[in-house]
Amino acid sequence: MATTAIDHAPAHTHEHTGLWSWITTVDHKRIGILYGATAFFFFLVGGLEALVIRLQLMGPNKTLVSPDTYNQLFTMHGTTMIFLGVMPLSAMFFNYLIPLQLGARDVAFPRLNAFSYWVFLLGGILINVSWFTGHAPNGGWFGYANLTTKQFSPGPNIDFWTVGLQVLGVASLAAAVNFFVTTVNLRAPGMKMMHMPMFVWMSFITQILLLLSFPIITVALILLMIDRTFGTSFFVPTGGGDPILWQHLFWLFGHPEVYILILPSFGIISEILPVFSRKPLFGYAAMVFSGAFIAFVGFGVWAHHMFATGMGPFADAFFSLATMIIAIPTGVKIFNWIGTIWGGKVDFKTPMLFAIGFIAMFIMGGLSGVMHASPPADLQQTDTYFIVAHFHYVLFGGAIFAISGGAYFWWPKMFGKMLDEGLGKLHFWLMLIAFNLTFFPMHILGLNGMPRRVYTYSAESNFELLNKLETIGALLLGFSFLVFLYNIIKTWRTPQPPVGADPWNAATLEWSIPSPPQHFNYPTLPQVHGRDALWELKARHGGPLPEPQRVAEDAVLMPNPSWKPLVAAIGVTVTLGGFIGGSHLWVHVAGVAILLYGIYAWAFEPAFPEHH
Amino acid sequence: MPDPAHRRPPSRVPALMLAAVVALLAACAPDQYPQTTLLPRADFAKASDDIFRTTLLWATIVFVLVETALLVAIWKFRNRPGAAEPVQTHGNTTLEIVWTIIPAFILAMIAVPTVRTIFQTAQKPGPEALQVEVIGHQWWWEFRYPQLGITTAGELIVPMGRTVSLEMTTKDVLHSFWLPQFAGKRDVFPNRYNNLWFKAEVTGNFPAQCVEFCGIQHGRMAYRIISKAPEEFDAWAANFNQPPRDFSADSTAPALVKTGQQLFTMKGCIGCHSLYPALPLTGPNLHHIGSRTWIAAGTLENTDENLAKWIQDPQGWKEGVLMPNLGLTDQETQALVAYLRAQQ
């Protein structure tokens, strides 16, 4: 049986609390919570940046912020939401859920996991420190050369960006290796690949995308950095370089990045929908293969971001058709999600509302995506607000809806308490209405000629009315997250009866152990016989399982806590940070020294406690 | 029968909601937006628009069908008291094949005209077309007409009914030249020429702006596209080819204009701004600036007040622009305005 309790062991839980225990933790669940809290903070920062943007655009020729500040704001809004918001929010779910859903005790490399988090945190801080020096990145999240070369951007703004993203890339790559190995090696006995929960499948594919695409952006960033620092000419036309090389490298990363942002969300809602429809996921194999197909073809469509660059008709036709083909597996996913609901018994709990909202909004984002897959149409749409509308329907209507639903769904597992349903529903409806009020009018504005990335617009353009509506929507959208924040605080402070291991009558293994789980997750590893392992157990048992008992914390030998990953992370950040505003030799030397010490100490410390 | 005195006043909410819906629908009407892409006025833009409308039609059909299916599913299968446990289906191969093939078919309906239009719009116009060299600068556009020996800035002037062939590049960073009413857009790259072409079907003065982020003043890098009747265009070109008006020896010229001419040299304007139709310098060419419709890269109407405001405080309107504030007095500014106004 999966959750055999060691009844005779006294359930003494020597709580590891306090700041030091968090700094030295190598527990995937704690690291997941750290990722979640940090990413949510950055997400709110990115949201505030968006609100300033919206206030500036509320009317024509407004001067709330200066043109350069505006450019910094939209650059940092995009950079923050992608690299410090949605990606690490997904990483929260990877960390917390992949080992639990696989029936494992931790990730394959717990200290490497801590290292990933610390590098992410320091990279996020590094890139945001630029606000305090007044030199926040201002070249767009896409950083197009040759605007970002030294000649046209002499300040340290772009350095913060190239260095910050390289640091964040180290975090993403280390984490991707970790979750890849974890998924391949640490599945519970009996769990075949085609038994894995859909969230693990989509996350697994995401790790492959990360492993293949992040080296590309890293190379591009290094080339740009040495162009800027040492005067090479990879992207400098006067030195024989070519700015279009940057675009190919950037989008060769940037398009897979879109799937890195959205595939985990596909996984999240594929977990929520069956539980609240009381029916298994429809077309499991098709879901797996469509996800893999999207990821694979996703590497062959990058130049649809470049239809306006004049690549010639053959390249345009190829990238157009490849892009349209992606609509087919995406459609399969949407139909399968509706098929999961169809014939079920739909319970409109908050996570389910967000999952349904995800489908409804993602359809919209997908269809507008098909509209600019056609180059002749895209020549009008690209770089207008139509595109801004499109990708917010995908990344906010998609990813943020799914992540919010996932937060409500797994909150009781993570913290042993239910978030308030009433506030949750209020959050959902406010967000749904405000989201559409903010982003739907952008379609109309874009088609009627409003370009992206402009700090203002003329009165003649007549863009004012719809921009006003969008700003009102954005403020309401911000308010919906205050409701969420209030819900979190209220739940935190209000005592609740224990939620039990399985409050949703869910399908996957993480719901078979106490909420929150103990350090080692599973006292004995579960035996798996098929998909939806917990539903299967409950079916065999003929009803709900008895509540699992907590067992002695030292019943299972777990890795030692360690502060060495933090040291190594500081080393990485300092080494690369020495490239801000030129190359500072002694900063590099100090950084390398810290890094070497961190790795050395890490390599020679005992991973596990002495057995006593 | 209810007492009329106690009847509740009619709610204003439905009326307000109706008004909001009407206002929103009105806000969608493209003819209110001078920069709209939805009212194509040339062959190239119409080809783009045809594809857009085909795709929009299919997208709308799919949107309505799939969203309806979703809403029906959640309504029909909502949890009701006493509902039985659902049948635990895992999939349906036939159904899954069908909903793979139908989208593929719909995509083919879009893909075929797409590929046809890609190759159609990629053809280059013949030598009879009017050639215009389009050059992006931070943050204004230069237009050269090699067949006519003309260099101008901020206003692309074209003849209606004749194909215009644009050869486009940049002097500094990437920009993107957009003709929302006439053709799509193309990015411009240093050391490389990109093309677009179109044949305007109407006359008029249309706004447009740069659509590739190009630095601090990307937001105010606009221009006008002016389509003239063929004979008006020829007259404009012939007139434009005159040398700049020189008032130094003209005894009938107002003193203010003469002062302006001296200031144009003394204050250094002449270092960047050419007044000769075929002479490009680093700043926008100002030949016939007095008759242009918009100034400051298409962001200010060419009135005396705007011209004065721009000359006196370019950094106030376009912070970071390469044109410095020269500390001109009001009198100096008026003189320069008078001189530039006389250049037409």
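**Close-up views of a predicted two-chain model**

**View 1. An open sheet in chain B.** Three strands of chain B make up an open sheet with mixed pairing, in the order β4-β10-β9. Strands here are DSSP runs of E with at least two residues, helices are runs of H or I with at least four residues, and both are numbered from the N terminus. Two strands pair if DSSP finds at least two bridges between them. The edge strands, β4 (155–159) and β9 (204–209) of chain B, each pair on one side only. From one strand to the next, the twist averages 20°. The model is predicted: local features need pLDDT of at least 70 and side-chain atom pairs count only at pLDDT 80 or more, while totals for chains, interfaces and linings use all residues. Residues are numbered from 1 along each chain as its sequence is written, and chains are lettered from A and ligands numbered from 1 in the order in which they are written.

**View 2. Strands β4 and β10 of chain B, with a helix packed on the sheet.** β4(B) and β10 (residues 222–228) of chain B run parallel and are joined by 5 bridges. Opposite B:Pro159 stands B:Lys228 in β10(B). Helix α4 (residues 230–240) of chain B packs on the sheet and touches β4 and β10 of chain B. The direction of helix α4 makes about 130° with that of β4(B). Axes are lines fitted to C-alpha atoms, for helices over the stretch in contact, and angles run from 0 to 180 degrees between N-to-C directions. Residues are in contact if their C-beta atoms, placed from the backbone, lie within 7 Å.

**View 3. The two domains of chain B.** Chain B is divided into domain 1 (34–73 + 95–241) and domain 2 (255–341), with bounds from an automatic or database domain assignment. Their centres, taken over C-alpha atoms, are separated by 30 Å. Domain 1 of chain B gives 24 residues to the contact and domain 2 of chain B gives 20 residues. On the side of domain 1 that touches domain 2, the largest share, 4 residues, comes from β3(B).

Note on methods:
Two residues are in contact if their C-beta atoms, placed from the backbone, lie within 7 Å.
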